[in-house]
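User: I have a new structure to look at and I'm only starting out with these. Could you walk me through it slowly?

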Amino acid sequence: MPSRDRPRALYGLALICLCLAGCQARSVWLFHPHGAVAAAEFHYTVIDFAIMILIVGPLLVATALIIVRYRKGRNARYDPHFKKSRVLEALMWGVPIATVGVLTYFSYQAVYLADPYDPTAIPRSLAEKSRPPPTAGRTSHFAAYPRSNGTVRHGPQVDVNVITTDWQWVFIYPRTGITTVDRLVVPVDTPVHFRLTSATVVNDFLIPELVGEIDIMPGMRTKLAMIASRPGNYRGYSANFSGGGFSWMGFTTTVVSRRAYRAWTRKAARAPDRMTYAAFDKIAKPTINLAEKPMYFSRTQKGLFDHVIRRVLTGRVYETPLRMTENMTKPLYVKVLH
Amino acid sequence: MSGQEAIREQGLWDRKDVHHDKIGTHTLGFWLYMLSDSMVYAALFGASVVLGHRMNAAGGPMGATVLHPLSAYWETLLLLASGLAYGLALQGLKRGRKALVLAWMTVAFLLGAGFAALSVHTLLALIARGITPERSGYLSADLALIVYHALHIGLGLVWFLVMMVQVAVFGFHPNVVYRLLNLKLFWFFQSFVWVLVFSFTYLRGVLI
Amino acid sequence: MFVHLQGSWNPIYGRLSLHEIPFKTQIIQGAFFFVVLTALAVLTAITYYKKWRYLWEEWLTSLDHKKIGVMYIVLGLVMLFRGFIDAVMIRSQQVMAIGPHSAGYLGALHGYLPPYHFDQIYSSHGTIMILFAITPILTGLMAIMVPLQIGARDLAFPYLNALTFYLTAAGAALVMVSLFVGDFSHAGWVGLIPLTELPYSPDVGTDYWMWAVQLSGIGSTLSSVNLIATIIKMRAPGMGWNEVPIFTWTALSTSVIGVTAFPVLSAALFMLAADRYLGTHFFTASFGGDLMFYTDLFWIWGHPEVYFVVLPAFGIISEVIPTFSEKALFGYTSMAVAALAIAGLSWMVWLHHFFTMGAGPGVNLFYGAATMLVGVPTGVKAFNWALTLYRGRLRFDAPMLWCLGAYALLLIGGLSGIMLAMPAVDYSVHNSAFLIAHFHSFMLLITFAAIAGYQFWFPKVFGFYLDDGAGRKAFWFFSAGTLAVFGSLYALGFMGMTRRLDYIPFVQWRPPLIAAEVGIFFYCVASYYLVRQLYVGLRDRKTRPAGADPWATTRSLEWLTWSPVPAYNYPVLPVVHGRDEWAWRREHEYVDRVPDHYFDIVMPKNTSVPLLLGALSFGLGFGLVWRIWWLCAVTIAGILLVVIIRSFDNHTEHTLSAALVAKLDGGEGGLPDAPGSVNPYPSPMPVPFFAKTGAVSRCADRVASTLREGVVAPGPLGKGARR
């Protein structure tokens with residue numbers, strides 16, 4: 001084997017780089033969920049990985065051993081006629097099929113727990129909070145999770161209507177008439193129910209530490225629900241490419257205590273700018289909000305969310321200008337107007 | 001079977017001068033092409049189902065207000081008759097009679113051309129009434145199906161002309177024969193698809 | 001015309017104007033000079049060595065499946081290089097543009113690529129790698145090996161084979177032209193809808209992408225038709241379905257996918273084209289269009305397409321591992337069934353590409369389970385390979401190493417694939433770097449296997465060895481690069497990084513991005529060794545001729561004929577007696593490659609029609625992109641006319657007399673220097689283009705001498721020798 005040492009050194013180097021990545025453990029967002037939905041998703045990521053590594057790990061090790069053992073010239077047993085075995089073939093079909101069965105069972109549990117429209121993880125986590133389970137520690141993974149019937153809500157909830165534009169986030173709080181741009185403020189331990197649509201192209205809503213993704217599509221409405229278990233700032237952004245400003249299309253989710261949330265609501269409701277259909281049109285023009293400067297509006301015009309859907313269905317588009325896509329040299333970033 | 005026996009029976013090298021059946025291979029290839037084409041049709045039929053709801057008409061016309069099944073009925077008769085005529089032309093091929101083939105092919109071509117003319121007429125009439133594919137997703141899907149089929153018919157008619165010339169010039173050369181057989185597949189396939197197009201687009205909202 | 005266009009249009013030039021040539025962009029200038037200088041160097045070399053005629057007669061107009069296959073592979077390698085440069089640019093931009101304080105160069109705010117330029121680069125990277133690099137390389141390998149493996153003289157439709165190659169080449173040419181005239185799509189290789197609709201992609205980029213993919217897609221459909229017909233109709237006498245070599249089985253499964261899936265892509269792209277050109281509403285958000293319908297159609301093709309490229313890769317691994325384990329493949333039947341099962345299941349899983357669409361849990365659960373089921377036949381293949389290694393006598397020549405690398409990647413990619421198949425898990429990592437790492441595990445599995453196939457069959461096709469040492473070094477560096485780049489991307493996925501970012505907003509993602517950049521460096525070193533491998537192989541070709549059985553323990557039928565393979569593949573069609581025919585003959589000591597009798601052989605004549613049709617298709621694509629309607633009309637009429645005129649040519653075949661074959665083959669006492677053996681179509685693969693052959697008439701001598709060398713030089717086991 002030529003230059004055996006060099007490849008090993010290379011692998012070592014690569015591993016060191018990987019470890020460097022691993023050092024900043026807190027920044028591995030998916031491993032540190034702060035909401036019931038994200039926690040359920042991570043939980044099943046671990047289960048899924050564990051089951052698969054039970055199959056893949058031994059196979060990798062066995063193959064490595066075979067490769068070492070049966071190298072030519074080592075005079076290990078050579079059997080050129082070993083090319084068929086009913087038992088082994090039954091096993092190699094049977095074991096994966098059984099694994100798929102087990103995984104599908106877990107997948108069945110998880111798909112309801114993390115269902116974007118109606119995640120049962122939320123009522124479950126609220127129930128656990130108010131009444132700790134009699135047995136300490138985790139309940140069995142094999143216990144079927146209860147499905148929420150969608151009507152029983154534990155205490156208050158916050159509704160937020162989300163509209164994505166090119167390339168900003170508009171959050172409408174229909175109950176208080178507040179609209180924010182690129183800043184989501186929600187209370188802790190309170191279910192937040194989103195309705196989402198897009199004024200232009202498809203985006204994906206994602207806050208890695210709080211909740212998984214859901215598509216946001218023009219002319220259509222999707223739903224998402226989440227709950228945050230710890231106050232703090234969490235990064236949210238679009239996960240589906242949507243054009244030139246995509247990389248800058250982020251927002252900060254601020255999770256605050258319920259009291260602070262009420263205070264914030266009162267303050268934001270006094271914002272001088274009004275969110276009307278016309279004001280929305282202005283925001284929806286292609287804009288890259290480079291500094292991610294949030295905007296606050298009060299007294300949102302009724303039915304803005306449905307209005308946007310209706311307008312899209314009847315042909316309203318916010319065209320991307322040709323000079324933007326064609327001219328690749330000039331800085332084409334448009335600072336947001338305040 | 002031991003090696004010796006196998007060799008005694010079959011030998012190591014082909015002794016029979018095997019030639020692959022050219023016409024059969026071309027026919028199989030053409031069937032495979034039709035399989036792929038029917039996938040395109042399937043996607044278009046899928047479009048006309050997915051985009052077939054009232055919502056997809058976006059307030060525009062749909063169903064019976066767009067297309068009248070009666071004109072398409074005449075089209076159906078013409079196309080199926082053309083298929084029949086071409087079938088008779090192939091009887092001529094079986095008997096090796098060039099004149100018979102040419103005569104029936106002419107009939108088939110004329111009937112097919114009649115179908116094409118009616119199709120074009122229908123489409124032009126729709127456009128004159130302002131019913132164009134730009135109006136709604138519903139109309140886009142319906143008309144795409146009709147136009148895609150009409151394109152096949154158009155190409156088929158060109159193929160007819162070419163084959164008539166080739167029969168006249170080359171007679172029943174193997175190349176001409178396999179093309180005639182493939183044209184048969186193609187033409188019958190288009191008739192078959194037309195029946196589906198007819199049901200999906202013309203009869204929807206009327207009978208279905 | 002029918003739709004509202006931003007920018008100008010005139011009847012002669014369409015949307016084209018001088019302003020569309022981005023000569024102000026430095027990077028494109030650089031690329032332009034590089035491409036022009038390379039092209040000039042190649043053209044000058046061809047002219048200097050007076051190879052134009054040779055190129056035209058021996059390659060461009062040839063209908064020989066081996067030559068077309070080689071051209072497919074060369075095209076794939078050129079595009080692989082382009083796609084690799086794109087990858088380098090993507091990784092470099094991402095490592096440079098981290099955080100709000102990162103510097104910007106060349107007019108960009110961060111890094112060196114402005115957003116839409118970066119977007120074009122990742123779009124072209126995906127499109128090129130999948131459709132114009134991997135697909136042509138594998139199609140080329142199939143076009144070369146399938147007829148050899150089943151004992152046929154050529155594919156069922158040699159003319160169609162050339163045509164499909166030139167359609168693919170025309171698509172690739174459109175992609176290359178988009179670099180310098182206008183721009184390429186910025187909506188990803190998947191054509192994210194409705195970003196590809198006219199209001200959000202007002203430039204010609206999407207049109208370039210659309211027509212390039214359309215052309216290559218039609219090419220792939222037709223080449224699948226060709227392969228199926230070949231495998232069904234052209235098998236050698238004695239070869240029942242139980243004796244079909246495993247690579248051919250995978251080629252058949254792949255072609256079944258190709259012939260059924262690619263048309264769906266064509267349909268989707270036709271509808272998209274109607275939206276962009278005629279203003280219809282198939283996929284618009286407005287007026288009753290349904291944008292998710294495009295996503296459905298795309299992935300109804302897109303997912304089978306993944307298996308379309310992975311199945312031949314599995315086939316290659318299944319051929320290489322037994323050879324270098326010196327025993328038969330374990331579980332032949334399972335392997336064949338698994339290949340067909342993968343092809344069948346590939347149709348049931350497309351929805352997993354958009355679990356996040358908001359479909360109900362039941363729907364997602366079903367498609368998740370179906371996706372996991374694909375893991376079953378894939379797992380079976382992995383087990384079979386492991387058991388093939390078991391109790392073997394393993395040799396680690398370069399092809400074997402690449403296959404083992406592919407095997408490891410299969411397990412890693414399979415693991416992450418099953419993770420993604422769980423909808424709840426997918427919600428958190430969909431569209432993330434984790435997903436990128438997952439499918440690159442599979443794409444690199446395919447690349448590993450394709451390189452293995454190239455190194456494995458190279459001596460068969462060309463008659464000399466590639467350099468093994470350089471191949472192994474390339475393997476180690478390539479593996480290191482893969483580990484660094486995609487290990488980092490797996491980690492980044494868990495850190496929350498999404499795909500397609502031209503600016504990285506969070507500085508904590510920097511370390512893995514730097515590690516990935518280091519990986520790119522390893523890839524560069526690996527590419528150097530791959531080039532060196534070929535260079536050393538070419539340099540030492542005289543001293544290292546390969547026998548008919550260059551690896552000494554090969555098994556299937558293709559190793560029965562000479563290396564390099566004669567134009568007619570087999571002087572007389574072999575009779576097949578066993579599953580691994582060559583292994584069977586070696587075992588029973590029937591190793592004489594010279595038959596005792598000959599027949600006339602009918603071969604297709606060379607023709608320039610496919611090349612012409614390819615050129616016309618390129619013109620049509622170009623006309624459509626720029627909306628130059630007269631050009632479209634002229635090229636469509638031209639295509640129809642050329643097809644019709646060609647159909648009047650009944651003299652497309654040529655017969656080699658039995659006596660001539662005997663002379664060429666060295667049988668019946670007619671040894672190669674027989675004078676006057678002038679044969680218009682004899683040249684087998686070997687004649688590398690710098691070889692000392694000028695006129696066609698001299699080719700025959702070349703064949704003869706090569707064949708003689710093959711006869712005289714015994715194979716490694718001495719079994720290639722004529723008794």
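Analyst: Strands here are DSSP runs of E with at least two residues, helices are runs of H or I with at least four, and both are numbered from the N terminus. Please keep in mind that this is a predicted model, in which local features need pLDDT of at least 70 and side-chain atom pairs count only at pLDDT 80 or more, while totals for chains, interfaces and linings use all residues. Residues are numbered from 1 along each chain as its sequence is written, and chains are lettered from A and ligands numbered from 1 in the order in which they are written.

User: OK, so how many bridges join strand 1 and strand 2 of chain A?

Analyst: Four bridges join strand 1 (residues 158-164) of chain A to strand 2 of chain A, and the two run antiparallel. Two strands count as paired if DSSP finds at least two bridges between them. One pair you can look for is Asn161(A), whose bridge partner in strand 2 of chain A is Ile172(A).

User: Which residue stands opposite Tyr173(A)?

Analyst: Tyr173(A) stands opposite Ile178(A) in strand 3 of chain A. Strand 2 and strand 3 (residues 178-181) of chain A pair in the antiparallel sense over four bridges, and they form a hairpin with four residues between them, where Gly177(A) in the turn has a positive phi of about 75°.

User: Which residues other than glycine have a positive phi?

Analyst: Among them are Asn75(A), with phi near 55°, and Asp189(A), with phi also near 55°. Asn75(A) is found in the loop between helix 2 (36-69) and helix 3 (86-113) of chain A, and with 8 C-beta neighbours inside 10 Å it counts as exposed. Asp189(A), in the loop between strand 4 and strand 5 (192-198) of chain A, is buried, with 20 other C-beta atoms within 10 Å.

User: New topic: what is the order of the strands in the open sheet of chain A?

Analyst: The open sheet of five strands in chain A has the order 4-10-9-6-7, with mixed pairing. Strand 4 (183-187) and strand 7 (211-216) stand at the edges, each with a single partner strand, so one side of each is left without a neighbour in the sheet.

User: Now chain B. How do helix 5 and helix 6 of chain B pack?

Analyst: They pack at an angle of about 160°, with their axes 10 Å apart. Axes are lines fitted to C-alpha atoms, for helices over the stretch in contact, and angles run from 0 to 180 degrees between N-to-C directions. That makes helix 5 of chain B roughly antiparallel to helix 6 of chain B, a label used for angles over 145 degrees.

User: And how many residues of chain C are in contact with chain A?

Analyst: In total, 102 residues of chain C are in contact with 100 residues of chain A, where contact means that the C-beta atoms of two residues, placed from the backbone, lie within 7 Å. The largest share of the side of chain C that touches chain A, 16 residues, comes from helix 10 of chain C.

User: What about chain B and chain C, how many residues are in contact there?

Analyst: There, 44 residues of chain B are in contact with 44 residues of chain C, and the largest share of that side of chain B, 15 residues, comes from helix 2 of chain B.

Methods
Angles under 35 degrees count as roughly parallel, over 145 as roughly antiparallel, 65 to 115 as roughly perpendicular and the rest as oblique. A residue is buried if 20 or more other C-beta atoms lie within 10 Å of its own, exposed if 12 or fewer, and partly exposed in between; C-beta atoms are placed from the backbone.
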